[in-house]
Structure formats: structure tokens, C-alpha cells
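User: Could you walk me through this structure? I would like to follow how the answers are reached.

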Amino acid sequence: MDPVFTPDVFPCGCLVTTLSEQVILRANPYFYQECQQTPKAQQRLSDVLTPASKIVLESFVMPMLLNLGHCEEIQLTIQGNSGERLPVLVNAHVQHGDEPLIFWVINSAKQRDKLYQELVDLRNALEEKAERLELLSQTDELTGLLNRRAFISRAQLLLKQADRHQQTCSFLLLDIDHFKQINDLHGHACGDAVLRQLGQLLLTNCREHDVLARIGGEEFAIICMDSPSDSAAAFAEKLLMLVSQQPIEGITVTVSIGVATAGQLSFEQLYKQADLLLYEAKHAGRNRLVAALYPAEI
Amino acid sequence: MLTNSDVLSRNNVTITGTGEQVLLLAHGFGCNQQMWRFLLPLLSPHFRIVLFDYVGSGASDMQAYNKQRYSTLDGYALDIIEICTALNLENVILCGHSVSSIIGLLAAQKIPQRIRAQIMICPSPCFLNLPPHYQGGFAEADLQELMDLMDKNYIGWAQYLAPLVIGDPDAGQYSAELSDSFCSTNPVTAKNFAKATFFSDYRSLLPLNQHPVLLLQSERDALASLFIGEYMQAHMPQSELKVIEAKGHCLHMTHPRQVADQIHAFLPRLTPTME
């Protein structure tokens, strides 16, 4: 071989290791200089890596090498003799033969690591912000429940699921009776407290898969998939009782509920039916529920 | 509420092999079911083999990913439970690599009646050093560095900023491309899996084991030292430890013959199943 063209002259770490435990068989001076090591017998590549890099080596790099025969641009960290850490970029490929070998090229990645760190920090900050905004966009500020927009999208998912399982869904539309009077007589702060506490009361009594939201001024909605053991009307009955029995801010609060149950209505149709039933309940004297099954009774 | 076929497509379940005895192979952190391919030719004449990818790994359905469910190993165990239930599997031998051994143990405790035995390849119930009595191999700072290193690798490997741009980290549209490259799964799901794996401590689970367990270890493993194998054997009833004359953490890929031999030798030691 041309004496000038040898691994010894290249400004990158070159090494050959065994496949199964990455015992270093040959390495060029640049590699030893990079990791501040001197050649030793039975030295393994993992001996010069940080513990975290060993995990990446065993969990990603080796499976990739064993399965695909090569890997490119993997960032690892070399731990020098003096404890100094050097980020490096690793390429490798496997040569099969009587004794399978891995050929590695290891480059310093100090500058690139700095840029990546900036990207990681930026991404984490953005991610956190995005999560916060997403939550904000789905939440009703006053009660902490889902808002109308979030309710519609969750409700549509639930309806789709129910359709697939050929189950009926129920839409409970609740409206606080004489809410305007509460505001007028006790002030808006009291009205807000009533909304908040009623929201909590509903939340604690909803079942795990029910979707609950405040969808309008004094209007709450619950959509749920029906189960034979627990009818939506019985659930609404329980809510009526719970609300009327627990005075909020010293005021006896009652609600009226429209309960529409259907198998194959769209969200809009179901909402409209629940709204009509709620109107009936109001009209019939409030503090009551009116339930109907569609399309059986249409 | 998922139907049986939902579960099977969600977890990319494949069934192969011609034997009677069911063997469910569970891949470890960082990989997917392809990691079993070296072992398959040695096992498929003797077993009915069930392979799958955990949700968030390999060619699983990324739409089904739920960050909260998969932030502890119980979420992954639920994948195994749902697969066993969907296929109505009985007398299953669960074989897991690395963290999947513990995931299998969690699953086996929930559905003991479906499980016959467990085979654990290079397992560890806890990767953290908890002095003075337990040396999991890693300090908390090492594992923090792992998260950092994974981040930096995903910049190069995957579409690091894509989840931000698309807005939905679980969007199915780019998961397909990612699944093509072996072991480089979605950065969001892989980091969540890493946290669930490396920051957990499931040692208290070991004494509760109710099934025969074969522990397979290598002579030298950067992730699970011999101490860990001995610890598990000492704390887990009905377990036996076999050290394979080999080194490294991926024995089923580097030494499939020895692993298969141990599995075959383990079977006759099990009590016959009630048929």
C-alpha cells in the first residue's frame, strides 16, 4: 500500500473491532488522541464511552449493525481519561467473514453538538408552549371543563366509535334554571361560583368515558355511549337529584335536562333533539328531565 | 373499546411457525419485531410464534399512541394483555428481550391463567444504582444524558421538528416513513419508552412471580451485569438462571443458536399443561 495513504494520516478516528463485543483490534493514532487513551489489550469501544452512550450502542447501534450491516451519523459521547467528554459522530459497517468485524469511523462533533443543543432547547420550549396553547384552546376558562369547540370534536369521535360498535349514544343537555335571577339577585361573582361548582359536581359524577363540557353561558352538555346497565335517563335523574339537594353558595340551584338517545344521528341532529327536549323540560316547569329515543319515536 | 382485529393491526401482529406451543416474542426498547429474525428459523418448526410491535415502535399504528398510557411499563404490558386476549391465547410462553422481560412479568400477573412460563433475555428490573445493595449499572445523571443523546440523534435520524410543524406528534402520515428505518422510531414515542424503561424500579415485582422463568444472561453485558441476573434469580420464585457463553446485550441476534438451545432445553422442565 502507498505509505502516504494509510489510516494513520487521516484526521478522523478509524478502528476495527470484533462484532460481538466490539473489542478494538486496530485503531489509528487519531482515535487514541481523541479519547486520550493508549492502546491496551482487550480494550472495548464501550470502555471509552459514557454510560449513556453504552445504552445507545446496545439499544440502537448494535441492533442496527446486526440487522442492516451499517449505521450512519450516530452521535455518541467519548469519555476521555481525564474525564473530559467529547461528542463524536460515528459511522460503521460490518464485514462478514470467518470472524465478522466492524469498521468504525469516528469524528469529533463538538460544534455540531452545540448547534443541536440549541435546537433541543428551542424545540422543548416550543413544545411546552404548544401544549399549553392546545390545552388553553380546549378549556372553558371559568369552569376548567372542556369548551364548546373541544366538546364537538370529542363528541364526534365518540359517535363514530358508537357507530362502529352499533351502540346508541345519549346527549344530555343541562341548563341552569333561572340563572339570570341568580346573577341579578346575588351578583355576577356568585353566578360564576355557581357555574364553577356545578361544573365540579357534574365532573365528579360523570363516568370515565363520558364527555362533559360547558358549551354556553349556563349550558352544560354530556355525551356518553349507552350501556344496558345504566340508562342515560337514570343518570340524568341522579344528576337532577344531586344538584337540587346541594345548595351552592347558599342558593338552591336546579337544572333542566334534555336527554336524546339515538343510534345513527349526526352530532348536529342529536344536539338539536336534545335542545328540543330541554325546551320541553323547561316548558313543563323546570327541575326535570325529558328523555326520548330516536329515531324510534320520530 | 377496540375490536380484536383493531388490536392485531394496531400492534402489527404477525403469526408464524408450525408448532403447537404458543411463544410470544416481545422486542426490547429501541427496536421492533425484526430483532427476532435470526432466532425465527430455529424456533418456527417447534412453536406457533406471535410477533408484534409495541404501539409507538416499528410498524405499529402511531394514531393509537397515547403519551400517558405509554409513560409507564404498565401501558406496554396492556399491549401484551390485549394481544393475548384478542387471539384468545392459552398456555403462552412469553419471551422478552431486556425491558420486555419486566413488561411480560407485569402482563403475566394480570392474566396468569393465560401464561405458562416466561423466558427473559438480558433482563433488568431496575437500571439505576440504588446503593448500598443494588447496582443497576447507571446513575440518574447517566440516564438524563441518555435523554439528551437520544434527542441529538433524532435530529439526524428522524424528522425532529416534524411533530411541531404538523402540530400532532401522533400524525400517521410520516410514521410510515420512519418505520422503514430499523430502530429509528418516532422521537416522541422512543423517548417516552426510554423514560419508562430506564427510570423505573420494578424489583418489588419479582417476589410476586407465579410462573416458571428462565433467565438468560450473557457473561458480560453493558446494560445488565451478572449481578442483576443473580439478583433476579435470588428474588424471583420459580426462576432459573443460565449464563450463555457470549458477550453483549443482544444475545438473540448475536447468538441465536445458543438462545434457541436454552429455550428447547427449558421446555421439558415445565410441568405438562392440562389439556
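Below are some questions and answers on the domains, the chain contact and a surface patch.

User: How many Å separate the centres of domain 1 of chain A and domain 2 of chain A?
Analyst: Happy to start there, and please keep in mind that this is a predicted model. Chain A is divided into domain 1, residues 7-113, and domain 2, residues 139-294. Taken over C-alpha atoms, the centres of the two domains are separated by 62 Å.

User: How much area do chain A and chain B bury between them?
Analyst: Let's begin with who takes part: the contact takes 39 residues from chain A and 43 residues from chain B. Carbon and sulfur atoms carry 63% of the buried area. The total between the two chains is about 3700 Å².

User: Which element supplies the largest share of the side of chain A that touches chain B?
Analyst: Polar links come up here too: between the chains there are five salt bridges and ten residue pairs in polar contact, both residues at pLDDT 80 or more. On the side of chain A that touches chain B, at least two residues each come from α2 (51-68), β3 (70-79), α3 (110-138) and α4 (148-164). The largest share, 14 residues, comes from α2(A).

User: Which residue of chain A forms a salt bridge with B:D6?
Analyst: A salt bridge here needs a Lys or Arg side-chain nitrogen within 4 Å of a carboxyl oxygen of Asp or Glu. For B:D6, the closest N and O atoms are 3.3 Å apart, so the pair meets that cut-off. The partner is A:R164.

User: What is the area of the nonpolar surface patch that includes A:V9?
Analyst: A:V9 is found in the segment before β1 (13-18) of chain A. Together with A:F5 and A:F10, A:V9 makes a nonpolar surface patch of about 300 Å².

Key. Residues numbered from 1 in each chain as written. Chains lettered and ligands numbered in written order. Predicted model: local features only at pLDDT ≥ 70, side-chain atom pairs only at ≥ 80, totals over all residues. Heavy atoms only, no water. Patch = residues over 30% accessible without salt bridge, like charges linked within 9 Å, V, L, I, M, F, W, Y side chains within 5 Å. Areas by Shrake-Rupley, 256 points an atom, 1.4 Å probe, with all protein chains shown as cover. Helix = DSSP H or I, 4+ residues; strand = E, 2+ residues; numbered from the N terminus. Domains from an automatic or database assignment. Contact = heavy atoms within 4.5 Å. Buried area = accessible area lost by both parts, 1.4 Å probe. Polar contact = N/O pair within 3.5 Å; in protein donor to acceptor, adjacent residues only side chain to side chain.
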